[in-house]
Amino acid sequence: MSSVTLQAHQLSSLKRPCTSSSRSAAVSRPQRQTVCRAEPTLRENIAQKIATAGAALCLTAGIAAPAIAGEFDLLGMETPTAQYLIDDAGVLNKTTRKSLNNTLTSLESRTGFRLEAVTLRKLEFENDAFALGDKVIEKWYPTKEQGDKKGILLVVTTGKDGAVTGGGGFLRAVGDELIDSIISENIPTLTEAEKFNEALTSCVARIEAKLTGQKVPAAPSRGEQERVRTYKTKSETNNQRTVFTTIVVVLLVIAFIVPMLQFYGYTSKN
């Protein structure tokens, strides 16, 4: 009987409902689960804010970088071997790029002089295009022998100016007179008219002619590049005002005289 009573007691204990402690534990589990679900949400919000801030900084840096990238890219790039044209300002069309590369390739093969044509949008740290050109030549060709017959044609599109510089042999072959003419005539005259393709082409053509012993083409004349005047001078305005006044007076006279003559004609018949 004692063993049967013990088994019955065990069965009754299994069917007994949960105690208060078990109920509190059961209730507390969903609360812990709710807290666990809330914590990832908070972390996700924080991570999203950090990512947004980082993206904003990257976007700001991406917008500001192109303004100063030209000089740093030019000074930081490796010595060019295959290319002769660096259009950092992005102002040259495909035809001009191909033509200039062909011309400069032929120039080096015929004369041994290598000329790099470079366009920049603007200067941020160097106030003088010649100073930047000298730094680039020294960076690309550290020794005197390497840079002796190397040159660079630099055109700054925003400033409408540029430079022609290089090693000692290159500068002697081109000559100060031609360099001054290019800097004071070719580049400012054509860039002011937004003719950047023609500016690079004309400069290279004059340098090529000088280095190959041919007749150097003349510099573009500022008179040929003058813009058509769209306004009237004071004398033209006064003359036009006089003509207009005369026409108005004649019309007023006609407006008064013609009706009076008609009225006189009717009354005289009567």
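This is a predicted model: local features need pLDDT of at least 70, side-chain atom pairs count only at pLDDT 80 or more; totals for chains, interfaces and linings use all residues.

Visitor: Why are helix 8 and helix 9 called roughly antiparallel?

Guide: The axes of helix 8 (residues 176–192) and helix 9 (residues 196–211) cross at roughly 160°. Angles over 145 degrees count as roughly antiparallel, so that is the label for helix 8 and helix 9. The axes are lines fitted to C-alpha atoms over the stretch in contact, with angles running from 0 to 180 degrees between N-to-C directions. Those axes also come within 8 Å. Helices are DSSP runs of H or I, at least four residues, and strands are runs of E, at least two, numbered from the N terminus.

Visitor: What makes up the contact of helix 8 with helix 9?

Guide: Contact means heavy atoms within 4.5 Å. On the helix 8 side the residues include Leu178, Ser181 and Ile182, and on the helix 9 side they include Phe196, Arg206 and Lys210. The residues of this contact split into eight nonpolar, four polar and three charged. Nonpolar covers Ala, Val, Leu, Ile, Met, Phe, Trp, Tyr, Cys and Pro; charged covers Asp, Glu, Lys and Arg; the others, Gly among them, are polar.

Visitor: How do you know whether serine 181 is buried or exposed?

Guide: Buried means under 20% relative accessible area, exposed over 50%, and partly exposed in between (1.4 Å probe, protein chains only). Serine 181 has 12% relative accessibility, so serine 181 counts as buried. This residue lies in helix 8 and touches Asn186, Arg206 and Ala219, leaving aside residues up to four places away in sequence.

Visitor: And what makes alanine 218 buried or exposed?

Guide: Its relative accessible area is 68%, so alanine 218 is exposed. Alanine 218 lies in the loop between helix 9 and helix 10 (234–269). Its C-alpha atom is 9.9 Å from that of glutamate 185, 33 residues apart along the chain.

Visitor: What share of the chain is buried?

Guide: Buried residues make up 27% of the 270 residues. The chain has 10 helices and four strands.

How values were computed: Residues are numbered from 1 along each chain as its sequence is written. Side-chain values use heavy atoms; hydrogens and water are left out. Angles under 35 degrees count as roughly parallel, over 145 as roughly antiparallel, 65 to 115 as roughly perpendicular and the rest as oblique.
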